[in-house]
Amino acid sequence: MTDALDAALDPEDRKLITLARATRARNAVPEGAAVRDETGRTYVAGTVALDSLRLSALRTAVAMAVASGATSLEAAAVVSEVGVVSDEDRAAVRDLGGPATPVLLAGPDGTPGPVVTAG
């Protein structure tokens, strides 16, 4: 990450990008994602691409949070070569975190890109 962009990020948001990036690289998947719940716990996931089940990394991370008892989200991050967060991914974050929940997008090298809201 560049120093200027990295300095502008909250350390907890930087952690989400780092976790998402590591998952993407470790699992050799197109996307990595991480979400932080209302207690500060993080949930990390990669793209799921099975014959019978296809989920983006972000929807998988949200599902993991819900399955673990999270009742809200503070933030989410996606690391991908794609420069946008899909409407379906934003909807999953919105369902749990509300429309103002920030969704950070970063490139494969971890460089932060746009921040959008779930709304």
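Is the crossing of α3 and α4 left-handed or right-handed? The crossing is left-handed, a term used when the near helix is turned anticlockwise from the far one by less than a right angle, with clockwise giving right-handed. This is a predicted model, in which local features need pLDDT of at least 70, side-chain atom pairs count only at pLDDT 80 or more, and totals for chains, interfaces and linings use all residues. Residues are numbered from 1 along each chain as its sequence is written, and side-chain values use heavy atoms, with hydrogens and water left out.

**View 1. Helices α3 and α4 and their axes.** The axes of α3 (residues 57-67) and α4 (residues 87-97) come within 9 Å and cross at roughly 20 degrees. That makes α3 roughly parallel to α4, a description kept for angles under 35 degrees.

**View 2. The contact of α3 with α4.** Here L58, R59, V62, A65 and V66 of α3 meet E88, D89, A92, V93 and L96 of α4, where contact means heavy atoms within 4.5 Å. The residues of this contact divide into 7 nonpolar, no polar and 3 charged.

**View 3. The buried and exposed residues of α4.** D89, R90, A92, V93 and L96 are buried, that is, under 20% relative accessible area with a 1.4 Å probe and protein chains only, whereas exposed means over 50%. Seen down the axis of α4, these buried residues fall within an arc of 155 degrees, so they line one face of the helix. On the other side of α4, D87 and D95 are exposed. The cover over the buried residues includes α3, β5 (73-80), β6 (102-106) and β7 (112-117).

Note on methods
Axes are lines fitted to C-alpha atoms, for helices over the stretch in contact, and angles run from 0 to 180 degrees between N-to-C directions. Helices (H or I, at least four residues) and strands (E, at least two) are DSSP runs, numbered from the N terminus. Angles under 35 degrees count as roughly parallel, over 145 as roughly antiparallel, 65 to 115 as roughly perpendicular and the rest as oblique. Ala, Val, Leu, Ile, Met, Phe, Trp, Tyr, Cys and Pro count as nonpolar, Asp, Glu, Lys and Arg as charged, and the others, Gly among them, as polar. The arc is that of the directions from the helix axis to the C-beta atoms.
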